[in-house]
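User: Hey, can you walk me through this one? I'm new to reading structures.
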Amino acid sequence: MGNIINFSRNLTFGQFSSYVAAIGVFDGVHRGHRQIIKKAFERARSCGAGVIAVSFSPHPRSLFFPQAPPELLMTESQRAAALLAAGADDCVFINFTPAVASLEPEIFLEELKNNSGLNICGICVGSNWRFGAGGRGNRELLAGFCKKNNWSFDAVQELEFEGETISSSAIRKAVAAGQLERAASMQGYPVQLTGVVEHGFHIATDELAAPTANLRLTAGVMVPDGVYSGSAVVDGKRYPAALNIGVAPTYGNGLRRIEIHLIGFSGSLYGRELCVELYRFLRPEKRFASPDELRQQIAKDISCIMADCPAT
């Protein structure tokens, strides 16, 4: 069936002759995912091998449930960068097509062994990871395959937070409910929204002296409407940020949008990708009686945000 792995995205092979493959979707690269990478790293270094993070594109649920695809916590490039930062030496993406989805688990593993171009010497996954047609592949099947091929095998136990298994789905649920602290505790880093900056209506710039970047979301789960404190990095510098998510009732046109005011930033962001961290909910949206009243509230918001934002 040909090569099932796309090597064009994040490939820098050369340092290692063999690899322990850490396999999973890894959306969000949360604390549980990083445990898998850590275990793969320990196993790999004990035998002089590298760690290859093997992920999937698109997200399998997007193929199985196209009418309700998951809201991804990260863009693909962010996922790859986070996996490398967690300890992987390289990262590749399996082209998750209907043909790949229909592979029996044994055939999938044979493809990975013989047609991926990777010299694999071990596999590391989460203990409940399922794969192959009908989800029939499990850790018992993986253990048998690895033993047969004289590969190492590790199934890493899932982590829990306050009685709930840490998972990308649990994090999405927490973010959608506005539980930023809970989501950040499961992820191991603040909640993020990523998108492309688009033109807005310039009202905040012209009347409020608080220019905003309007974000067209490409990754991240929308939080409940309101005003939030956060920050964003532009050209290597971190700026405190005020985020208004909702319809902006004082000046808006009724359309829900994400508006970001980067405190202390000057310049154009149009067309650029921006990743914003959210720290906490400050207040609900409200309609103000006058521009002056809104300006006073913005000043109060900024005071709170400056206290929340970590130093650059």
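**A first look**

Analyst: Strands (E, at least two residues) and helices (H or I, at least four) are DSSP runs numbered from the N terminus. This is a predicted model, where local features need pLDDT of at least 70, side-chain atom pairs need 80 or more, and totals for chains, interfaces and linings use all residues. Residues count from 1 along each chain as its sequence is written, and side-chain values use heavy atoms, without hydrogens and water.

User: Is Ser 152 buried or exposed?

Analyst: Ser 152 counts as buried because its relative accessibility is 16%; buried means under 20%, exposed over 50%, and partly exposed in between, with a 1.4 Å probe and protein chains only.

User: Which residues does Ser 152 touch?

Analyst: Leaving out residues up to four places away in sequence, its contacts include Arg 43, Cys 121 and Ile 123. Contact means heavy atoms within 4.5 Å.

User: New topic: what about the largest nonpolar core?

Analyst: That core has 33 residues, and Ile 260 and Leu 274 are among those with the most contacts inside it. A nonpolar core is a set of buried Ala, Val, Leu, Ile, Met, Phe, Trp, Tyr and Cys residues joined through side-chain atoms within 4.5 Å. Helix H7 (168–176) and strand E14 (273–283) are among the elements that each supply at least two of its residues.

User: And what does the second core include?

Analyst: The second core is separate, has 27 residues, and includes Ile 23, Ile 123, Phe 131 and Trp 151.
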